[in-house]
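Here is a structure to read for the first time.

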Amino acid sequence: MNAVSGFKPAIVIVAAGRGERAGAPEEGPKQYRRIGGRPVIAWTLDQFAKWEPARGRIVIVIHPDDEELLANALGFVTELPGLQIVHGGATRQESVLSGLLALQDCSATHVLIHDAVRPFFDTALLERIGKALMAGDQAVLPAIPVADTLKKADQTRFVADTVSRDGLYAAQTPQAFSYPVIFDAHKRAVSEGRNDFTDDAGIAEWAGIRVRLVEGLADNVKLTLKRDIAMADEKLSSNLIADIRTGNGYDVHKLVPGDHVTLCGVAIPHDQTLSGHSDADVAFHALTDALLATCGAGDIGDHFPPSDPQWRGAASKIFLAHAARIVRERGGIILNADVSLIAEAPKIGPHRTAMRQNIARCLDIDIERCSVKATTNETIGFIGRREGIAAIATASVSYGAVK
Ligand code: MG
């Protein structure tokens, strides 16, 4: 056993299976089902992406029908330079061989072959495997001791014997090998008509290669059944934090002689009017800013410059609807909107319901999620002297969840 110099491992991820055992075929192959908000294979790929030694040498073997599913899944993965995608064959063994063939030109010294439906391995496991390979082992298998007592049954389903657990291990993936050695073993298996191997360590054993066991990981389970997918989803989802964001906005407009003010889209008769480029609806302007703030989309002036003549006299619901559209385009769900008006006059109370209805309609949310409040400024300052009206607003928006 000679220590290896220039360790350059590659990864083959086997994702060509149809996953019939996971039930619900209409939901598609289980490597693309979502757990914790992302496809299973995205979690698997992200784990490998974190492992520096294999950077730039990752092959995914997929079913020819799954190109679109994979493209979608890759949208959930941070960065995978040099990723290769190849089509698999009718059996797992054939699919692995397709992956090994794709590695011929990348000068890999070793290869880790992994089932896409095992997303719960960690870097420490990859390090243990890498250490054994670097020490000169040609085949390395992560495995965990069998914990359950094992029974052997007879034909009538009565126990015939209790099998000793001594020396029994459950095999996991990634299974790792010297690249030329396992490539050669796979090609020999094909030429000798053997196509019944269910894992690659099995091929190595058949080819007379000694397989080293390293400590596996209890969490590194294969998601086989529909129930496994549900449990994995629950496990990942419980670690997620709701991505709920709050934005605030403030606006003030000057009062000048006139006959009405427009607040939250309601024109209220008054002996003054609010001066401004648009209809000067301070409440909608403040709320527009609050919504834009939840996704860092600037402020109302960035989207509707006062210098632009097309907004002269415009109804401010245009601005509010635009902000709501930006929020939705970025994946947001508007949870609530709250406006406080600060004015000596006119009285807001009689118009409050109409104002809330306008907000609800414009944001397309329930009226119970829309609040309008008002206060005077106790005759103090510019608001108290009826020189202007101010509004502050708060909006909460859910953007899903973060890890
Ligand atoms: Mg304004």
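Q: What makes up the secondary structure of the protein?
A: The protein has 12 helices and 19 strands. Helices (H or I, at least four residues) and strands (E, at least two) are DSSP runs, numbered from the N terminus. This is a predicted model, in which local features need pLDDT of at least 70, side-chain atom pairs count only at pLDDT 80 or more, and totals for chains, interfaces and linings use all residues. Residues are numbered from 1 along each chain as its sequence is written, and side-chain values use heavy atoms, with hydrogens and water left out.

Q: How do you know how the protein stands against a compact globule of 403 residues?
A: The radius of gyration is taken over C-alpha atoms, and the globule rule is 2.2 Å times the number of residues to the power 0.38. For 403 residues a compact globule would have a value near 22 Å, but the protein has 32 Å. Along its principal axes the C-alpha trace spans about 95 × 55 × 35 Å.

Q: Which residues are called donors of the magnesium ion?
A: Donors are N, O and S atoms within 2.8 Å of the metal (3.2 Å for Na, K and Ca); water is not among the atoms, so sites may look incomplete. Asp 251 (OD), His 253 (NE2) and His 285 (ND1) coordinate the magnesium ion at 2.1 to 2.3 Å. Along the chain these donors follow the spacing D-x1-H-x31-H. His 253 lies in strand 13 (residues 241-257) and His 285 in helix 8 (residues 282-293), so the pair ties together parts that are 32 residues apart in sequence.

Q: What is Gly 37 in contact with, leaving aside its neighbours within four places in sequence?
A: Contact means heavy atoms within 4.5 Å. On that basis Gly 37 is in contact with Phe 76 and Asp 233. The C-alpha atoms of Gly 37 and Phe 76 are separated by 9.3 Å, and the two are 39 residues apart along the chain.
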